Amino acid sequence: MTTKVLAIDDSRTIRNLLRVSLEGAGFEFHSACDGVEGVEMFPDVDPDVVITDINMPNMDGYGVIESLRNGPDRTSVPIVVLTTESSDKLKSRAREAGATGWIVKPFDDASLISVLKRLTGHVS
Amino acid sequence: MSGNSIRDTFFEECEELLEALVEGLAAMEDPNHDPEVVNAVFRAVHSIKGGAGAFGLDRLVHFAHTFETVLDKVRSREMDVDEGLMHLFHRSGDVLTDLVEAARDEREPNGTTEAAVLEDLESHLGGADAEEEFSFDALTLDFGTPMEITPEERQFEIRFKPFRTLYDNGHEPLLLFDALAEIGTLEVKADLDALPAFDSFDPMDSVLSWTMTLSTAAEEDAVREVFEFVDGLCELTIGEAETPAPAAQPDPEPAVDVIAEADSAPKPADPAAEPVAQTASKEARGPKPTLRVDLDRVDRLINTVGELIINQAMISQRIEELDLPTAAQLSNELEAYKLLARDIQEGVMAIRAQPVKPLFQRMSRIVREASDATSKQARLVTMGDSTEVDKTVIERLSDPLTHMIRNAVDHGLETPEQREAAGKDPVGKIKLSAAHRSGSVFIEISDDGAGLDRKRILEKAIDKGLVAADAELTDQEIDNLLFLPGFSTAGSVSNLSGRGVGMDVVKNAVQALGGRVSITSTHGAGTTFTIVLPLTLAVMDGFIISVADQTMVIPIASILETIRPNAKDLHTIGTDSQVIRVRGSYVPVVNVSENLGLVPPERSGVGVLLLVSTETHGLTALKVEDIHDQRQVVIKSLESNYGAIQGVSAATILGDGKIALILDPDELVKLDPASVSPSLSLDTRMEPQHA
């Protein structure tokens with residue numbers, strides 16, 4: 001079974017980096033360029049795991065997590081926050097919103113994939 | 001996608017982010033700005049930092065981080081923005097641009113301003129703040145840590161009782177067990193004591209807990225790390241067991257089943273939450289989706305469409321020549337074909353069109369640097385940023401515009417003291433505007449300075465031998481002296497605009513784009529330079545004219561008026577020079593065929609006069625034999641196919657398949673010695689080649 005990832009990030013560079021890492025590792029990769037698009041794409045993509053940036057226009061990462069957790073989908077798929085800061089404040093805020101885990105930028109392929117593996121239980 | 005192209009994308013994205021940054025900073029100048037503007041500025045810097053981190057561009061990351069931290073304080077209203085801080089932000093934006101460019105070109109950034117700006121930014125952060133959140137601790141996970149070396153196996157006893165939120169957040173206890181199992185030998189025991197009776201069972205509740213025994217060589221930290229993400233979402237105790245516990249009955253299976261059940265239990269939809277997501281999805285989107293296309297492909301397409309237009313004209317003409325009985329019907333279809341071809345052409349041209357905004361934004365930096373260097377105060381106001389112009393035009397406008405903006409600050413504006421004395425705002429205003437008007441693009445650069453000092457300009461021109469000492473020039477003629485090669489108004493050459501580049505270079509650059517530049521100035525109120533450019537470099541509206549029995553094209557944009565004169569309106573001066581009286585003033589007549597070295601036909605008569613305004617000769621009437629039509633023509637470069645001909649700017653292919661030359665009125669009049677008006681002796685000095 002292919003693991004489907006939905007990555008939500010307004011940076012084209014980060015989306016590209018994620019795509020290369022994850023497609024290389026055999027994931028099925030989908031991406032959205034802001035929170036609104038990500039939430040909108042969610043039901044169609046029906047991902048096994050969501051990766052989201054925090055600082056984004058239109059809807060930030062916290063909004064994404066809250067919409068996915070409390071919206072019509074009420075999903076419990078793992079949602080991983082992609083962040084440049086690793087402060088406890090940010091982590092606890094993300095956790096409160098319903099985030100499952102976090103990846104600190106800059107990330108390397110191995111740690112990215114191991115986090116996804118840890119949260120989804122399978123790597124493609 | 002290769003690593004290199006990801007890197008390229010990063011720098012492309014940086015360019016866009018830097019544009020957004022400059023735009024946002026400009027918007028922040030408005031005291032009533034939308035708070036979202038600060039967020040956008042923050043995000044731009046933040047995204048640059050994020051991407052730069054991925055490529056190990058530490059210097060860029062460090063600067064962006066410091067910049068971002070100060071912005072964050074503004075964003076969270078811990079800090080107010082004053083003029084000084086705004087100035088610092090602009091300078092920070094400049095440094096960030098330099099650092100990005102240096103990283104892109106893989107060279108050393110110009111560190112002089114970087115250090116100063118960085119220090120300035122840091123001074124806005126308390127010492128503690130500066131480094132507080134700056135920890136790029138890359139995630140290290142010890143999954144699959146090699147277990148071969150097992151110096152000392154220890155046993156950990158782990159009690160784990162998840163809260164309901166753990167499941168809500170998408171966690172799965174089984175996966176935690178898997179992770180633990182990877183670092184050692186794990187025994188799991190489910191504690192079912194809290195399980196309620198079936199009647200009162202709530203599937204959404206978390207009632208299970210587990211006790212685990214892990215035999216591992218790993219440190220306690222490695223064990224705790226497995227639970228990193230669930231910290232606060234469960235009760236967790238991890239303790240080292242004193243003695244190896246006897247092999248307990250491992251019973252993970254039923255536990256797994258229960259978890260799976262809890263996880264897949266029906267989840268009642270929350271109707272209240274639904275509208276949230278729906279309104280959100282209706283919110284304005286970010287950037288419109290775009291497609292990146294190789295410029296060569298677009299140019300090939302433009303060229304092909306050009307051929308299509310020519311082909312369409314040829315077909316129309318051939319069908320007309322056939323004189324078919326059903327011509328009327330056919331011509332309707334042909335007209336539709338023509339319109340479609342035009343539509344395609346306009347559509348393709350629009351691909352090359354880009355807003356002038358990024359170009360204009362770069363100018364705010366020029367204004368800043370120029371005002372710093374000259375100790376003047378200036379701010380840039382831009383208008384019509386969204387005006388779209390051909391990409392090549394934008395690229396080639398950058399240098400002339402930079403020069404004119406520098407000039408406007410350096411020579412146009414007065415010092416703050418002089419301005420105050422004159423009752424003006426000490427901060428000078430440089431206005432940069434763009435607009436589409438009657439098929440051309442108008443770009444205006446104006447300052448609210450003292451206006452041109454015509455007396456000094458004239459003295460200077462006389463000094464430099466550009467004008468005869470006794471020359472009587474009108475104001476406009478004096479203003480135009482600025483465009484003469486080698487003219488510089490600065491009394492002392494400042495290190496800013498006095499770089500040996502004069503306005504003549506600006507004029508040449510604009511003319512090379514098929515445009516023209518003019519100047520108006522009001523004493524005490526400022527100076528305005530106006531650049532008029534064609535919308536596209538690929539097609540042009542022209543008059544189809546005949547000159548010495550040849551069909552030629554002249555750009556409509558250059559023609560002010562057409563006159564069909566009577567023989568008596570023309571007056572001969574000297575042997576063969578002619579002038580015509582137009583509304584009270586005499587305008588020299590230039591015979592186009594003679595200037596091009598062609599023999600005019602015997603029966604040429606008075607022909608038609610095209611009134612044009614030329615840069616060097618002012619108002620001039622071009623004499624041609626006739627005007628046949630007005631038509632959009634596709635411009636084909638002569639220089640790449642044949643060679644440069646003076647007086648001819650390019651060529652085109654007409655409907656009959658013949659090549660027609662496109663005339664350049666400015667160059668054309670220079671070819672004629674007789675066109676020099678007696679009062680303007682400077683013209684002969686300026687253009688010694690046609691004496």
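Predicted model: local features only at pLDDT ≥ 70, side-chain atom pairs only at ≥ 80, totals over all residues.
**Rings, charges and a buried lysine**

In chain A, the charged end of Arg93(A) is placed over the ring of Tyr62(A), at 3.8 Å from the centre of that ring.

Chain B itself is built from 22 helices and 22 strands, and of its 691 residues 44% are buried. Its accessible surface amounts to about 35500 Å², with 51% of this area belonging to carbon and sulfur atoms. When contacts in chain B between residues at least 6 apart in sequence are considered, 71% of them join residues at least 24 apart.

A pair of aromatic rings is described by the distance of the centres and the angle of the planes. Over all chains, a search of the whole structure finds ten aromatic pairs. Because Phe160(B) belongs to strand E1 (residues 154–162) of chain B and Trp210(B) to strand E3 (residues 209–216) of chain B, the pair ties together parts that are 50 residues apart in sequence. Both Phe160(B) and Trp210(B) are buried.

Trp210(B) also pairs with Phe177(B), and here the centres are 5.4 Å apart and the planes at 70°, so the geometry is edge-to-face. This pair, too, links distant parts of the chain, since Phe177(B) sits in helix H8 (residues 173–183) of chain B and Trp210(B) in strand E3 of chain B, 33 residues apart. Phe177(B) counts as buried because its relative accessibility is 5%, while Trp210(B), with a relative accessibility of 0%, counts as buried as well. Taken together, ring pairs link Phe160(B), Phe177(B), Trp210(B) and Phe227(B) into a cluster.

Elsewhere in chain B, Lys376(B) is found in the loop between helix H14 (357–374) and strand E6 (378–383). Lys376(B) is buried and yet has no salt bridge, the nearest side chain of opposite charge being that of Asp410(B), 4.6 Å away. Leaving aside residues up to four places away in sequence, Lys376(B) touches Ser371(B), Val409(B), Asp410(B), His411(B), Leu413(B), Glu414(B), Thr415(B) and Pro416(B).

How values were computed: Residues numbered from 1 in each chain as written. Chains lettered and ligands numbered in written order. Heavy atoms only, no water. Helix = DSSP H or I, 4+ residues; strand = E, 2+ residues; numbered from the N terminus. Buried < 20%, exposed > 50% of the residue type's maximum accessible area, 1.4 Å probe, protein only. Contact = heavy atoms within 4.5 Å. Areas by Shrake-Rupley, 256 points an atom, 1.4 Å probe, with all protein chains shown as cover. Phe/Tyr/Trp six-rings, centres within 6.5 Å; stacked < 30°, edge-to-face > 60°. Lys NZ or Arg CZ within 6 Å of the ring centre and 35° of its normal. Lys, Arg positive; Asp, Glu negative; His and termini not counted. Salt bridge = Lys/Arg side-chain N within 4 Å of Asp/Glu carboxyl O.
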